[in-house]
Amino acid sequence: MARALSLGARGLGQVWPNPAVGCVIVKDQRVVGRGWTQPGGRPHAEVMALRQAGAAARGATAYVTLEPCAHHGKTPPCSEALIEAGVARVVAALQDPDPRTAGQGMDRLREAGIRCETNVMAQAAQRAHTGFFSRVQHGRPQLTLKLASSFDGRIATASGESKWITGPAARHAVQGLRASHDAVLVGAGTARADDPALTLRGYGERRPPVRVVVSRRLDVPTDGQLARTAHEQPLWLCHGADAPEARKAEWAALGAELIEVPPGADRHPDPVAMLELLGTRGLTRVLCEGGGMLAASLMGAGLVDRLIGFTAGLVLGAEGQPSFGPLGLSNLSEAVRYVLEEEQKIGPDLMATWVRAS
């Protein structure tokens with residue numbers, strides 16, 4: 001199952017709206033088939049592993065990181081494929097929460113005389129499929145907030161200079177984060193100040209993440225890198241109902257997809273509604289790369305599931321720009337708590353991953 005989980009991770013950022021599943025088929029203590037969900041979500045991991053195993057799948061054990069699907073979609077269900085292949089046993093890490101399967105896949109296998117087991121390495125599988133589970137169970141993708149800051153928590157100098165607080169190794173690690181997420185999210189302020197491309201570099205033909213920009217009135221430059229690459233890599237603009245029609249037409253002509261988001265209390269796009277709209281479009285894992293006001297909005301709405309911080313060994317002082325905008329907290333008890341999951345040295349910088357305390 002550990003090997004299946006490792007295989008499944010290859011599909012992160014590539015397979016939405018489907019889960020990134022891995023499958024290993026074993027016979028006579030020998031691996032005869034391996035597979036993981038392919039880009040775009042098809043074929044599924046089980047089908048890929050069965051193709052590799054061929055006739056050796058008969059009488060074998062299939063280890064799969066999520067219950068085999070039971071519904072007919074663009075392809076027949078994987079439970080049916082396993083039955084037809086003649087496997088003798090299926091070990092699934094977790095039951096699929098999708099109501100189209102939700103136990104039915106294992107039931108079909110049992111009815112066909114196949115021995116079934118579940119809850120094997122369940123905790124690791126839960127982490128691997130958190131984004132998919134979040135979309136299915138809560139209607140929104142998993143949200144990871146990434147920040148690169150100085151030791152004293154500043155993301156730029158008072159003048160707005162931020163290139164580069166962290167070193168090349170940290171920036172390379174950020175590319176890896178983008179590659180494992182379905183979308184990269186930034187606010188209009190970041191888009192205006194940094195003119196980012198938000199593209200994926202150094203990962204060959206890998207499916208690039210969708211670029212999502214939150215801009216109430218679509219006041220993002222139409223001559224910047226995002227606009228110039230809108231036809232090359234997906235660009236979604238989340239805007240308010242009061243965005244000028246001329247700006248909407250201009251961005252649509254450039255190739256961007258426009259998503260109108262209902263307003264929140266401050267008249268800006270409501271963050272909860274925005275995440276739900278992204279979920280309806282199939283996104284399961286979103287990486288937010290700033291800036292401070294957007295980060296505060298998402299944090300204040302209780303939407304941040306993971307924090308990934310790159311901390312550099314320099315101090316910018318109180319006049320530097322803070323990592324977060326105002327949160328309006330008056331008591332420590334109001335702050336959301338996160339638990340340190342991992343910490344590692346990245347070049348001269350420190351990378352820490354925190355998960356929301358349950």
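How many bridges join strand 9 to strand 10, and in which sense do the two strands run? Select residues 210–214 and residues 235–239: 4 bridges join these strands, and they run parallel. In this predicted model, local features need pLDDT of at least 70 and side-chain atom pairs count only at pLDDT 80 or more, while totals for chains, interfaces and linings use all residues. Residues are numbered from 1 along each chain as its sequence is written, and side-chain values use heavy atoms, with hydrogens and water left out.

Some terms come first. Helices (H or I, at least four residues) and strands (E, at least two) are DSSP runs, numbered from the N terminus. Two strands pair if DSSP finds at least two bridges between them.

**Stop 1**

Now show the whole sheet, which is open and mixed, with its 9 strands in the order 11-10-9-8-12-6-13-16-15. Strand 11 (257–260) and strand 15 (338–346) stand at the edges with a single partner strand each, so one side of each has no neighbour in the sheet. From one strand to the next, the twist averages 20°. Angles here run from 0 to 180 degrees between N-to-C directions, and axes are lines fitted to C-alpha atoms, for helices over the stretch in contact.

Next, select helix 7 (residues 168–179), which packs on this sheet and touches several strands, including strand 6 (142–149) and strand 8 (183–187). The direction of helix 7 makes about 160° with that of strand 13 (306–311). Contact means heavy atoms within 4.5 Å.

**Stop 2**

Select strand 4 (89–92). Strand 3 (residues 61–64) runs parallel to strand 4 and is joined to it by 4 bridges; Val64 stands opposite Ala92. Strand 5 (residues 115–117) also pairs with strand 4 in the parallel sense, over 3 bridges, and Arg115 is the bridge partner of Arg89.

In a regular strand the side chains alternate between the two faces of the sheet. Are the residues on the two faces of strand 4 buried or exposed? Arg89 and Val91 on one side, and Val90 and Ala92 on the other, are all buried. Buried means under 20% relative accessible area, exposed over 50%, and partly exposed in between (1.4 Å probe, protein chains only).

**Stop 3: Gly86 and two helices**

Go to Gly86, in the loop between helix 3 and strand 4. Gly86 counts as buried because its relative accessibility is 17%. Leaving aside residues up to four places away in sequence, Gly86 touches Ala57, Arg58 and Gly59.

Finally, select helix 2 (residues 45–53) and helix 3 (residues 78–85), whose axes come within 9 Å and cross at roughly 20°. That makes the two helices roughly parallel (under 35 degrees; over 145 is roughly antiparallel, 65 to 115 roughly perpendicular, and the rest oblique). Glu46, Val47 and Leu50 in helix 2 meet Cys78, Ala81, Leu82 and Ala85 in helix 3.
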